[in-house]
Amino acid sequence: MIAIELEYPSAEHELRIVERESGQHGARVDDLLRFAQAVRKVAHPGMREVCSTRTLVAAARLMRAGLTFRDATIAAVAGPLSDDLDLRRGLIAMIETYAD
């Protein structure tokens, strides 16, 4: 068995990936990436994983389809990351600080 350590792409590269894969551009994508960087710093046993680039692309696609930043990020990020209701409430509170 082997393990491969992967790191997140640089902020600039991740921005280009999310924009290219989702077709969404602008300040909302910047907010999404800043939110993801904040979540990646959270260490909580109830989180299955942290925000992957794939979840950011999913959220950006939902925004492009017409969902608000808040609704898209809750659907693509907060929901899949944890079943823990308190943790999910905390993630939603974080989302709302970036949704203003």
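**Close-up views of the predicted model**

View 1. With a relative accessibility of 64%, I4 counts as exposed (over 50% relative accessible area; buried is under 20%, partly exposed in between; 1.4 Å probe, protein chains only). This is a predicted model, in which local features need pLDDT of at least 70 and side-chain atom pairs count only at pLDDT 80 or more, while totals for chains, interfaces and linings use all residues. Residues are numbered from 1 along each chain as its sequence is written, and side-chain values use heavy atoms, leaving out hydrogens and water. I4 belongs to the segment preceding α1 (11-22); helices are DSSP runs of H or I, at least four residues, numbered from the N terminus.

**View 2. Helix α2 and its cover.**

**View 3. T73 in helix α4.** T73 is located in α4 and, at 0% relative accessibility, counts as buried. Apart from neighbours within four places in sequence, T73 is in contact (heavy atoms within 4.5 Å) with L32, F35, A59, A78 and I95.

View 4. Buried in α5 are L87, L91, I92 and I95. Viewed down the helix axis, these buried residues fall within an arc of 140° (directions from the axis to the C-beta atoms), so they line one face of α5. On the other side, L85, D86, R89 and T97 are exposed. The cover of the buried residues of α5 includes α2 and α4.

How values were computed
Helices (H or I, at least four residues) and strands (E, at least two) are DSSP runs, numbered from the N terminus.
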